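I opened the file with two things to look up: one residue's surroundings, then the contact between two chains.

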Amino acid sequence: MFKDKSGLLLVAGLGFFVLAVLSSVLLGALMVRARPEATVEQIAEQNSNLMYQFEDLAYRYPDQFARYFGTPSTETLAEALRLGRRVYVSEGCWHCHSQLVRPVARDEERWGPASTAGEYQNELQRPAMFGTRRIGPDLSREGGRHGNDWHAVHFFRPTLVSTGSPMPNYPWLFDGAPDRPNRRGLALITYVQWLGSWLESYPYYEAHEPIRRPEQE
Amino acid sequence: MIDTLFGPSDDARHENLVDEPLVVAYFVAALGFLLVSMLAGMLMTLQLVSWNPLQGIELASVGRWRMVHTNTIAYGFLANAFLGALHWSIPRLTLRPVLNRRLSRIVFVVWQVVVGATAVGIVVGPTLQAMSRDLESLPFSFGAQGVEWGETPTWIDPLALAGLLLAAINFMAPIARTKGALYVALWYFVAAFVWTTLTYATGALLPQVWLSGSAGPVVGLFFAPLAWGLMYYFVPILLGKPIWSHALALVGFWGLVLLYPLAGVYHFLVGPFPVLPRGGAMLATVAVEMVVVTVIVNFFATIRGSGRQLVTNLPIRWFYAGTVFYALTCLQRVVQATPTFGAMIQFSDWGVGHAHLLTFGVFGMWLLGIMTYLFPRLWRTEWTSRKLCEWHFWLSASSVFVMAADLALAGLFQGNVWASLGPWDVSVDGSMPFWRVRAIAGLFLLAGQLCFFYNLVRTWRASRGRRSAATDKGLDGNVQG
């Protein structure tokens, strides 16, 4: 078996792969099989924190919002969430930002309650954007931390609100100016405001006082 | 050597076995994508140190090009180079040609289309899709898929899978037809073909509909077994002596195939995931490193007594430098798969350094060594400049080492700042010196590859002059270093 073709093919190739899939993947899946998976429409209907932010966007950018989404409703909110998530993935945001607050390394003191499995049981987490690198901060509790206008300026040119930030500019999410987000811009802001807005403890602010650096005095 | 082991057969002449133009085509395609990937990497690194001259241009979006960087290096450079090396080594090992030459060429074209479409899809897709409401409302994204190492847009995935499956069938045919015991290299190839197809299918498709994951396993299950198989093939040929211990080769292979797939979950060590697979992954990772030690010991024992070859034989030097780097990545993996250390360096540059050391320092260098060995054979012409070959090696080895060491240190710094609740800006500002060093290392790495490209073009030109003088006589099936 150890050197012949059928041993290699069936045991080494197929067998061990299947063993790994069963133990690593299937086992985990079975453990969460009872959890229901929420659709985007359900999120849009049930999350009032998010709807508040969405309506705020319509209030702050009335012309842009009317042009690209019309009026804030559960349908347009669902649209915005889907598009926002797609922008987040296709622009590669998840390569510099994580969405996983861990119960180690003092993540919780910085960002809020540790992420639980249930938070990822919805359509907007297929696949989940846990991330593998934090050049920028974790975003799973980002919703509500900043106003929509902060996000608009930040996406347009991050260094305007975050000195020394290595994040690139995203002018194509706007129609020429930071106070004119286009459809993708509005959608992405909505998506980011959704992150963490489902928590009881929303909005969650950092529990520690940042050390003031001499330049900031 | 091969003739005396297996006995010559009528068809087992090199020219009937190996499709040489195809090997050249694969290598050239690989190097083309290597260049694209390195330029994309430079763009990202320039962005991080705030020297990006293309800031604000949508089609030069760093976020998108970062995904092009990883995907062109994996599927453009590594996969193409592996396929080229397999088209050389499998027919020579089995003394049978691949299943179908036409199929091979079709797979080649399909693969370039897949990688090219991936790069174009990632960069242009989102822009295109945003142009009209109708395009936007399509139920799939034109751009990247949200799977790390699997960002190939979903609409390309089926073609990629088909290509991999056809390649596997093409290569398995000669292996299936061989009589008698298989050489160890072929064990690794068989495992790789089965795993790659399965991994791609699960990694690309499952997360989209069911469970999350990453395509990180593509490293362990696609590249690693192919790379080790190729080492078992080329090293004995180049050194002119067999691998030191057949028993260790057996242990190494069976240990690897059992443990590598189980270790994959270590990528999900910390988080809301079931504990059992995670604990298993930790054990599997530590265990697999012990197994890898046996493989490394085997290779170092093989070169014992032939140390001089490291100076005279360039391909051997590439292979053994790569093996040393491989040992380093194993040390890294052992510590990073533990809860204490792993939790600290998670999300930091440690992982980035590890990825570069493995992708370029190990797999890249092994493949460049294979190319350094094979191009003169494919073109019947010695390298025009031995000096440029040396520059290529030293620039590559030193740059990737500096980059990896720099990023490992950066990771330790970042992890410590985060774990001690330092303000976020401190971790970012403090990373700048590390990122500047990395940018410079990247430039030197690029310079090394440019030396290689230049040497390649000159050697090719020289070979064209020679080929017109009909030098096919004098080529025997035997290979020497």
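The model is predicted, so I treat every value as computed from it.

**Entry 1: B:Asn71**

I asked where B:Asn71 sits in chain B. I found it in helix α4, which spans residues 62–94.

I then checked its partners. The side chain of B:Asn71 makes a polar contact with the side chain of B:Glu151 at 2.8 Å. I skipped neighbours within four places in sequence and listed the remaining contacts of B:Asn71. Among them are B:Gly76, B:Thr118 and B:Ile122, as well as B:Trp149, B:Gly150 and B:Thr152.

**Entry 2: chain A against chain B**

I looked up the contact between the chains. On chain A, 74 residues touch 87 residues of chain B. The two chains bury about 6700 Å² between them, with 65% of that on carbon and sulfur atoms.

I went through the polar side next. I got 21 residue pairs in polar contact across the interface, both residues at pLDDT 80 or more. The salt-bridge rule gave 4 across the interface. I noted the one between A:Arg133 and B:Asp349, where the closest N and O atoms are 2.9 Å apart.

Which elements of chain A give two or more residues to the side touching chain B? I listed α1 (5–31), α4 (62–68), α5 (74–90), α6 (107–111) and α8 (183–194). The largest share, 20 residues, comes from α1(A). By class, I recorded 40 nonpolar, 18 polar and 16 charged residues on that side of chain A.

Note on methods
Residues numbered from 1 in each chain as written. Chains lettered and ligands numbered in written order. Predicted model: local features only at pLDDT ≥ 70, side-chain atom pairs only at ≥ 80, totals over all residues. Heavy atoms only, no water. Helix = DSSP H or I, 4+ residues; strand = E, 2+ residues; numbered from the N terminus. Polar contact = N/O pair within 3.5 Å; in protein donor to acceptor, adjacent residues only side chain to side chain. Contact = heavy atoms within 4.5 Å. Buried area = accessible area lost by both parts, 1.4 Å probe. Salt bridge = Lys/Arg side-chain N within 4 Å of Asp/Glu carboxyl O. Nonpolar A, V, L, I, M, F, W, Y, C, P; charged D, E, K, R; others polar.
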